[in-house]
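I opened the model to look up the ligand site first. After that I went through the overall fold and a handful of single residues. My notes follow in that order.

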Amino acid sequence: MATTPTEALRRKYAQERAKRLRPDGNDQYLALSGRFRHYLADPYIERVEREPKHDHVTVAFIGGGFAGLLTAARLQDAGIGSVRIVEKAGGFGGTWYWNRYPGAQCDTAALIYMPLLEETGHMPAERYAHAPEILEHCDRIGKQYGLHDDALFHTQATDLEWDETARRWIVRTDRGDEFTAQFIGMGTGPLHVPKLPGLAGIDTFRGHSFHTSRWDYGYTGGDPAGAPMDRLADKRVAIIGTGATAVQCVPHLARSCRDLFVFQRTPSSVDERGNAPLDPQWFARIASPGWQQHWMDNFVANMSAGELPDQDLVNDGWTDLAQRIRGRLSAPRSGPASFADLLADFENADHEKMSEIRARVDAIVADPATAQRLKAWYRQLCKRPCFHDEYLSAYNLPAVHLIDTDGRGVERISPAGVVAAGTQYPVDCIIYASGFEVGTEPTRRYGFDLTGRDRVRLSEHWSAGMRSMHGVHVHGFPNAFLVQLGQGGNFVANVPHNLNDAARTVAAVVAHMTRRGFDTVEVTKDAEAAWMQLLAPNPVMASFLAGCTPGYYNNEGQGPSPHSLLAGYSAGAPAYFRYIEQWRNSGDFAGLEFTGRD
Ligand code: NDP
């Protein structure tokens, strides 16, 4: 029987996946500890000495990224003023503090991605904001809500301990602080611990090297705003990795280096970006009260195959795939759609999209052999989709050399450079665009553990995987809140939507306690267990990820990780956001137990 195009494509995807599967999964990467610790040093702001803190605050929040800023802002809106942010970086911004590599930009539309636009009155300069504007916005939020004064920068929390007698948390840090807090919040982000590929010889390299999240402008010249990296004019540079980060910095390196060697294990899918400045007059027309929440709600609804909004406000590469799937689902058919029909609609829409993305490579890249190697052979959401209008054309420059490793990756590092498939490429500098830890244990990524009620550690409570109610409350850890995306909406295409929502939850709970005079809150064991039951993995998503090329979305192809963040409310993100709003507004806070005066 003749093979159909769909079968041929499935076979090709399976072959490419098989080339990349490896038994060591996450263990293929090196943790940046011990002799690799210097890769973590802050190249941007010098650490300033200060006296340790030994006082008491109402709220201590670990992490000064969007989660911390949003939570502090929502708490202040609810009348709770005292929030101390503890942050390992030298300022606010979280991932945007660290990721200052050239070309860094957010792929999610600025109007829905940048927090508190309405509250700060800031209009993003572009449809897709560049990193310096986002970092500056974080500072703007910090100033507007007065968060700088009490923030502890360049400070790593080392230990958080619940004191049952005093009904407070004791917060300890690597700067000798030991202070107490009635509440703690944690917004440590999903992608903040850089990792290196565990390559033989990696510490023998005699040239210069750094990770993209600690860009060394002292070595390269230039700056995050895009000034030319003039110090690379006589340099041979290797970049290892071709994920979302590399896609953005390669065009800048391509213009600056004498020679750029891009080491590719798996190509990214790179769709059109279509960035443009925002028009202030247009913005003034849309910015009526409540506009940002309305845009965020519209985006999440458009991203969900089960919703049918009558408008697509953002209308970009993210909503395009969802619309294609929805278009197929709603097309006339002879009888009711079976589950298999739905899966086929999903697959066909994906194949159509990926064929267009592969055709785009042919249209842009002049050398047909290079174009062939830049094509992604997997379904679009197997890896983080990328959007860029200069990445592919960078390979038309004579200084840029794509070293495709056909799924095997770099072989080793030598004192002189990078070795792939037996060939040595001598270079002056190696830039690791090798990503961040995702599937490892959360407390390893936090860099500290929590000691809760009855001296139970969070790492013990989570030994078989994360447990929570709503991704916010954890049984045994009173007055502690997580502000993150897992086990809640889990809306990966716009992470701040999750953070904003969790921040509102924290503010609502704390305000309720203040009004009623409660001093502790804790989710009950039963409520946590009931919520975990609701998080049964979506079978469509589980089987989809199982067939995907390895990457952090599918635990490097090793099957579901108990530590994966990618678990959410099974009815989908829009349903979660509706549910939780109602839960907050009801005033019952079902599942939480409050103690103290009422
Ligand atoms: P990723 O984890 O996405 O990419 C790491 C890259 O390193 C992959 O291409 C990987 O290949 C490659 N790699 C790992 N080991 C080897 C090896 N031994 N030899 C060769 N290559 C190797 O990290 P990124 O920093 O690119 O992105 C992380 C996340 O940050 C994104 O997924 C996204 O969520 C976010 N981000 C968002 C941006 C935006 O909004 N535009 C921009 C940048 C990042 P392989 O694929 O085969 O594993």
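**Ligand site**

I started with where the ligand sits. Domain 1 (56–193 + 438–537 + 569–596) and domain 2 (200–274 + 319–435) both contribute residues to the shell around the ligand, so the ligand lies between them. The domain bounds come from an automatic or database domain assignment.

Before going on, I noted the ground rules. This is a predicted model, where local features need pLDDT of at least 70, side-chain atom pairs count only at pLDDT 80 or more, and totals for chains, interfaces and linings use all residues. Residues are numbered from 1 along each chain as its sequence is written, and side-chain values use heavy atoms, with hydrogens and water left out.

Which residues come nearest to the ligand? I found T245, R265, T266, K383 and Y552, out of 26 residues around the ligand. A residue is near a molecule or strand here if one of its heavy atoms lies within 4 Å of it.

I then sorted the shell by type. It divides into 12 nonpolar, 10 polar and four charged residues. In this scheme Ala, Val, Leu, Ile, Met, Phe, Trp, Tyr, Cys and Pro count as nonpolar, Asp, Glu, Lys and Arg as charged, and the others, Gly among them, as polar.

Which helix gives the most to the shell? Helix α8 (residues 244–256) does, with three residues. Helices (H or I, at least four residues) and strands (E, at least two) are DSSP runs, numbered from the N terminus.

- K383 places a side-chain N or O atom 2.7 Å from an oxygen atom of the ligand.
- R265 has a side-chain N or O atom 2.8 Å from an oxygen atom of the ligand.
- Q248 puts a polar side-chain atom 2.9 Å from a nitrogen atom of the ligand.

On its own the ligand has 920 Å² of accessible area, and the protein covers 89% of that. Accessible areas come from the Shrake-Rupley method with a 1.4 Å probe; for residues, only the protein chains shown count as cover.

**Overall fold**

I counted 20 helices and 21 strands in the protein. The radius of gyration is 24 Å, close to the 25 Å that the globule rule gives for 598 residues, so the protein is as compact as a globular protein of that length. That radius is taken over C-alpha atoms, and the rule is 2.2 Å times the number of residues to the power 0.38. The C-alpha trace spans about 75 × 70 × 55 Å along its principal axes.

Buried residues make up 56% of the 598 residues. Buried means under 20% relative accessible area, exposed over 50%, partly exposed in between (1.4 Å probe, protein chains only).

**Positive phi**

D454 is not a glycine, yet its phi is positive, at about 55°. The residue lies in the loop between β18 (449–451) and α16 (458–461). Is D454 buried or exposed? D454 is exposed, at 62% relative accessible area.

Q487 also carries a positive phi, near 65°, and is a residue other than glycine. Its loop runs between β19 (480–482) and α17 (495–516). Q487 is buried, with a relative accessible area of 6%.

**Other residues I checked**

N554 sits in the loop between α19 (539–546) and α20 (573–586). It counts as buried at 6% relative accessibility. Its side chain reaches the backbone oxygen of L545 at 3.2 Å.

E528 belongs to helix α18 (residues 525–534). E528 is buried, at 2% relative accessible area.

F299 is in helix α10 (residues 291–302). Its relative accessible area is 0%, so F299 is buried.

L499 has its place in helix α17. L499 counts as buried, at 8% relative accessibility.

Definitions and conventions. A polar contact is a pair of N or O atoms within 3.5 Å; within protein, one must be able to donate a hydrogen and the other to accept it, and residues adjacent in sequence count only if both atoms are side-chain atoms.
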